[in-house]
Amino acid sequence: FTLLEIATMLQELGLEFRGFAPLDSLHRQGYAAMFPKDPAMLDLGHWHEYEQANPDAFIGMYQFWCGPRG
């Protein structure tokens, strides 16, 4: 699955993305530099853009938290 597909699935299931775990500081800093208006780092569309620019960011697999919206 891509991050955009995951975003769609979470929306359809009534869930929201709560963040990646674990995520190394290199990628946290890189994302923050690219998307300073998303300090919570919760926009999967932005993460998709970040991954396109940094293809090794999630070389293993996506590990993330999600929960009910609200």
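Me: Before we start, what does buried mean here?
Reply: Buried means under 20% relative accessible area. Keep in mind that this is a predicted model.

Me: OK, so is Trp 47 buried or exposed?
Reply: Trp 47 is buried, because its relative accessibility is 1% and the cut-off is under 20%.

Me: Which ring makes an edge-to-face pair with Trp 47?
Reply: That's Tyr 50, at 5.6 Å centre to centre with 85° between the planes.

Me: How far apart are Trp 47 and Tyr 50 along helix α3?
Reply: They're three residues apart, so about one helical turn separates them. Tyr 50 is buried too, with a relative accessible area of 3%.

Me: Switching topic: how many aromatic pairs are there?
Reply: The count comes to 10. One of them is Tyr 31 with Trp 47, which is stacked, with 4.0 Å between centres and 20° between planes.

Me: Where do Tyr 31 and Trp 47 sit?
Reply: Tyr 31 is in helix α2 (residues 25–34) and Trp 47 is in helix α3 (residues 44–53), so the pair ties together parts that are 16 residues apart in sequence.

Me: And what's the relative accessible area of Tyr 31?
Reply: 0%, so Tyr 31 is buried.

Me: Last one: which residues form the aromatic cluster?
Reply: Phe 17, Phe 20, Tyr 31, Phe 35, Trp 47, Tyr 50, Phe 58, Tyr 62 and Phe 64 form one cluster.

Technical notes. Residues are numbered from 1 along each chain as its sequence is written. This is a predicted model: local features need pLDDT of at least 70, side-chain atom pairs count only at pLDDT 80 or more; totals for chains, interfaces and linings use all residues. Side-chain values use heavy atoms; hydrogens and water are left out. Rings of Phe, Tyr and Trp (its six-membered ring) pair if their centres lie within 6.5 Å; planes under 30 degrees apart count as stacked, over 60 as edge-to-face and the rest as tilted. Helices (H or I, at least four residues) and strands (E, at least two) are DSSP runs, numbered from the N terminus. Buried means under 20% relative accessible area, exposed over 50%, partly exposed in between (1.4 Å probe, protein chains only).
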